Amino acid sequence: KGAYIKSPLEPIAKTRRFIENANEDVTFHHYVFGNSAAGLLAENVSKYKPVCLDRYHYSTRISFEHILKKGNRIPDLPKEDLIIFLWADWNIIDDRLMKRGNRKVHENINNLKNI
């Protein structure tokens, strides 16, 4: 009877195509905005029922670690009560990404292993 919230929220995810050729700083701030909006929604919904927030800020922190090391930061976001990390064999991950179609350049297995 909880709520499932995907991060970034759908309206913000739709704007990603406008910045896909932008520099990394713009992309980073777009993701941070998406994380912040999802976190605030989850914080408000969680007052009434449990929330499962998919991805949230962890993939942003990992993917943009080099930008965070330059002094950029992700603002304080609502904290979660529980983090569940799901994992699969690399072959399964590769197969799932191929089946999705329209695979992103950064979604190659070597890059994902580094992350």
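Reply: Start with a term: a nonpolar core is a set of buried Ala, Val, Leu, Ile, Met, Phe, Trp, Tyr and Cys residues joined through side-chain atoms within 4.5 Å. Buried means under 20% relative accessible area, exposed over 50%, and partly exposed in between, with a 1.4 Å probe and protein chains only. This is a predicted model, where local features need pLDDT of at least 70, side-chain atom pairs count only at pLDDT 80 or more, and totals for chains, interfaces and linings use all residues. Residues are numbered from 1 along each chain as its sequence is written, and side-chain values use heavy atoms, leaving out hydrogens and water.

Me: Which residues make up the largest nonpolar core?

Reply: Seven residues: F28, V32, Y56, F64, I67, I74 and L77. Apart from that core lies another of six residues, including L9 and A37.

Me: What does F28 touch, leaving aside residues up to four places away in sequence?

Reply: Contact means heavy atoms within 4.5 Å. On that count F28 touches T60, F64, I67, L68, N72, R73 and I74.

Me: Is N111 buried or partly exposed?

Reply: N111 counts as partly exposed because its relative accessibility is 26%.

Me: How is empty space found?

Reply: Rolling a probe the size of a water molecule over the atoms shows where empty space is left.
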